[in-house]
Amino acid sequence: MNKLITPNDIDNKTVLELFERAEEFLTGTNSTVGQDKLLINIFFENSTRTRSSFEVAAKRIGMNITNLDVATSSTSKGETLFDTAANLDAMGPSIIVVRHKSSGVPGLLSNYTKASIVNGGDGAHAHPTQALLDLFTIKQYVKELEGKTIAIVGDVANSRVANSNMQLLPRFGLKVIVCAPPHFMPKTDLEKTHSLKDAVEKSDIIMCLRTQTERHKTHNYASLKDYAKDYCLTKEVVGDKDILALHPGPVNRNIDISDDFLADSRCKVLEQVQNGVAIRMAVLEKILKNQK
Ligand code: CP
């Protein structure tokens, strides 16, 4: 692995190796593999979790880190994306993490840099480290994945998180069903439903998504409140079912998941964030070791 653009850049054996290493990191194992190595974060879209998670992960394995402040960078003076990447690459980073609103940008940039590119999320295309941390979190609670079902609920058509999970999870035996209103339903051969109640009934795991209003070209729904009436995960909808609930964040409270269910022990949103640091430590370490 010398870049990570989509989950298909890593085979299952490597995924499981990363998970073993992430477990070790969670139990306090250290790594100094990143000493004297530089990671640059270039985030052209906002981020709370992914950017800081890569920063914390890089520091924990000894890397130096620079965050390009895109708002005050020379992109506003007309510098192209490729020149920006080439100039940052000339500073000798080992790894550049890129987030961009356009699908395909991290993959394209990987052809122009000596540094390994890690995709921090591109448009509705891919978010590979999110899918890795999601699967890792599922495996912590669901010991046997084969034969289990996960429902991905909400604005699936516009979600890079959904896309990457739909690629990764079936490789480990999970059946994925998609639950969305017609305007958020992706073109897919996976089982589909428009009913949240139906999705909950059929599933062992439920992954809620944020409604990606920034990617909607037209507003073909009345309001988020109307959407929430049908698709917000609540204690009332779930009842006492033994289910694991995930959300990649940021959560729109009472639109994607209700306040009461966010506080429920079946909801693992903050565990996902904690696991994300360990997974990213494992990913960065693996890439650095492959560069040697
Ligand atoms: N899960 C996720 O990508 O969150 P951020 O947008 O805050 O990075």
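Author: Begin with a strand pair: Val98 has its bridge partner in β4, and that partner is Asn119. This is a predicted model, where local features need pLDDT of at least 70, side-chain atom pairs count only at pLDDT 80 or more, and totals for chains, interfaces and linings use all residues. Residues are numbered from 1 along each chain as its sequence is written, and side-chain values use heavy atoms, with hydrogens and water left out.

Reader: How many bridges join β3 to β4?
Author: Strands are DSSP runs of E, at least two residues, numbered from the N terminus. Two of them pair if DSSP finds at least two bridges between them. Strand β3 covers residues 95–100 and runs parallel to β4. The bridges joining them number five.

Reader: Which strands are the edge strands of the sheet?
Author: The sheet is open and has four strands, with parallel pairing, in the order β2-β1-β3-β4. An edge strand here pairs on one side only. The edges are β2 (64–68) and β4 (116–122).

Reader: Is Thr193 buried or exposed?
Author: Thr193 lies in strand β7, residues 191–193. Buried means under 20% relative accessible area, exposed over 50%, partly exposed in between (1.4 Å probe, protein chains only). Thr193 has 9% relative accessibility, so it counts as buried.

Reader: Which side chain does the side chain of Thr193 meet in a polar contact?
Author: A polar contact is a pair of N or O atoms within 3.5 Å; within protein, one must be able to donate a hydrogen and the other to accept it, and residues adjacent in sequence count only if both atoms are side-chain atoms. The Thr193 side chain also reaches the backbone nitrogen of Ser195 at 3.0 Å. The side-chain partner, at 2.8 Å, is Asp198.
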